Amino acid sequence: MTPASEVLPFTARVFVVDDDPVLANLLTLMLRKLGVDVEAFTTGQAALDAVRQDPPTLLLTDLDMDGLSGFQLLEAVKAAAPDVGVVIVTGSSALDDALRAIRSGALDYVTKPLRMENFKEVVARTLRYARVESLNRQYLAELTARDQRMRHELDLARSIQLAMLPAEPPRRKGIETGFVFAPSNQIGGDLFDFVELPDEQLGVLLADISGHGVPAALLSAMFKVLASEMTRTVRAPAACFRELHRRLARVFPGGHFASAFYGVLDPQRKCFTWTKAAQEPALLLRPGRPVELLEVGGPVLGMFDPEVFGERPYPEVETPLEPGDTLFLYTDGLVEAADSSGQPVTLPGLLAWLQEDAQLSPVELVERIHARVLVHRGDLHLQDDFTALAVRLTS
């Protein structure tokens, strides 16, 4: 007879329950010949107490017993220890009861009189099944715990990322602003900043880091630290981007980069001085006039080390403004947001929306455009990070 230890690559414990001591002893002998650890009980209650204290791998029980019946024991065992496999031992004339037991959670049944080969086959099969079920539950519990930890860590990362971004629009004389920041996941690679400069000037920065999720968020944090230093110490946008590109090229991993837009709004001189690095064109909304595209720019930031590939130009443009003019900046998650048929918003689609909504305040404008994108998508989940800024010269 092949011992179960050679059939089963794990240690198995089996409880035998039968109010007939002779049959209980017979089952015990048969199981020990299979090489498993066996404990016999002559009452269902005694077996249930033992299950609750130290569950076995498998429990074999007769159905017709005094006191706690086999059906009652099956139900109680499944409630107390779901991992325990249960096999019913029944008379050949009680197959209906055996099938009922299986529907109630038993793994299998054996009939009396017991035949060793059939008994061995059922026990080996059900022990393996019970073991797999137990491992599956353990793995599921581990995955659930890991998922909860990951969600907690992502929530913490999101709170850290949000703390790096402006919590509310800046208060600058003659300027109104609004923004929406909506990462496609809990964290993302978009970022923006308002830089409060002397003489009521306001720097406006928008960037989109390559990739998504945690890697993009980590790179955006790195970008934010370097950009904060540059925008507060280097006044001219083009010079700021040249130095920022040089520093990012040293720290960004290969193949990663940032597209960005940076401009300084001067309400006293009524102009906006700006440059961009492979970013979507900023849009200038002038009352009663077509939307103007601010699209002159240079290459992405951080991709090609200037010490190896040479300096790349970042053209700087000064655009005159009048009271009521609004600058609208956005990342590609807006124009590339697609509906159920795969049709993206596109730049012409955005321009049409802006023509309709241009009279709204900056806060209302970005919220309306965000809502339009969600309606276009047909759900509340975006494929890519969405960030939009609106800045208006009021006087």
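Student: Why is Glu229 called partly exposed?

Tutor: Glu229 has a relative accessible area of 39%, and the scale calls a residue buried under 20%, exposed over 50% and partly exposed in between, using a 1.4 Å probe and protein chains only. Because 39% falls between those limits, Glu229 counts as partly exposed. This is a predicted model, in which local features need pLDDT of at least 70 and side-chain atom pairs count only at pLDDT 80 or more, while totals for chains, interfaces and linings use all residues. Residues are numbered from 1 along each chain as its sequence is written, and side-chain values use heavy atoms, leaving out hydrogens and water.

Student: What makes the pair of Glu229 and Arg247 a salt bridge?

Tutor: The term requires a side-chain nitrogen of Lys or Arg within 4 Å of a carboxyl oxygen of Asp or Glu. In this pair the closest N and O atoms are 3.1 Å apart, so the pair qualifies. Glu229 lies in helix α7 (residues 213-233) and Arg247 in helix α8 (residues 237-251), so the bridge ties together parts that are 18 residues apart in sequence. Helices are DSSP runs of H or I with at least four residues, and strands are runs of E with at least two, numbered from the N terminus. Arg247, at 25% relative accessibility, counts as partly exposed.

Student: Which salt bridges does Arg246 form?

Tutor: Arg246 pairs with Glu243, the closest N and O atoms being 2.4 Å apart, and these two residues, 3 apart in helix α8, are separated by about one helical turn. Arg246 also pairs with Glu311, again with the closest N and O atoms 2.4 Å apart. This second pair links distant parts of the chain, since Glu311 sits in the loop between α9 and β13 (317-320), 65 residues from Arg246. Salt bridges that share partners join Glu229, Glu243, Arg246, Arg247 and Glu311 into one network, and the structure holds 19 salt bridges.

Student: Why is the ring pair of Phe179 and Phe192 called tilted?

Tutor: Rings of Phe, Tyr and Trp (its six-membered ring) pair if their centres lie within 6.5 Å, and planes under 30 degrees apart count as stacked, over 60 as edge-to-face and the rest as tilted. Here the centres are 4.8 Å apart and the planes stand at 40°, so the pair is tilted. It links strand β6 (residues 175-182), which holds Phe179, with strand β7 (residues 190-196), which holds Phe192, 13 residues apart. Phe179, Phe181, Phe192 and Phe194 form one aromatic cluster.

Student: Is Phe192 buried or exposed?

Tutor: Its relative accessible area is 1%, and Phe192 is therefore buried.

Student: What makes Met303, Phe304 and Phe309 a nonpolar surface patch?

Tutor: Patches are made of residues with over 30% relative accessible area and no salt bridge, where like charges are joined within 9 Å and nonpolar side chains (Val, Leu, Ile, Met, Phe, Trp, Tyr) within 5 Å. Phe304, in the loop between β12 (292-294) and α9 (306-309), has 31% relative accessibility, so Phe304 passes the accessibility limit. The patch covers about 260 Å².

Student: Which residues form the negative surface patch?

Tutor: Asp64, Asp66, Asp96 and Asp97 form that patch, Asp and Glu being the residues that count as negative. Asp64, in the loop between β3 (58-62) and α4 (70-80), counts as exposed at 65% relative accessibility.

Conventions: Areas by Shrake-Rupley, 256 points an atom, 1.4 Å probe, with all protein chains shown as cover. Charge placed at Lys NZ, Arg CZ, Asp CG, Glu CD.
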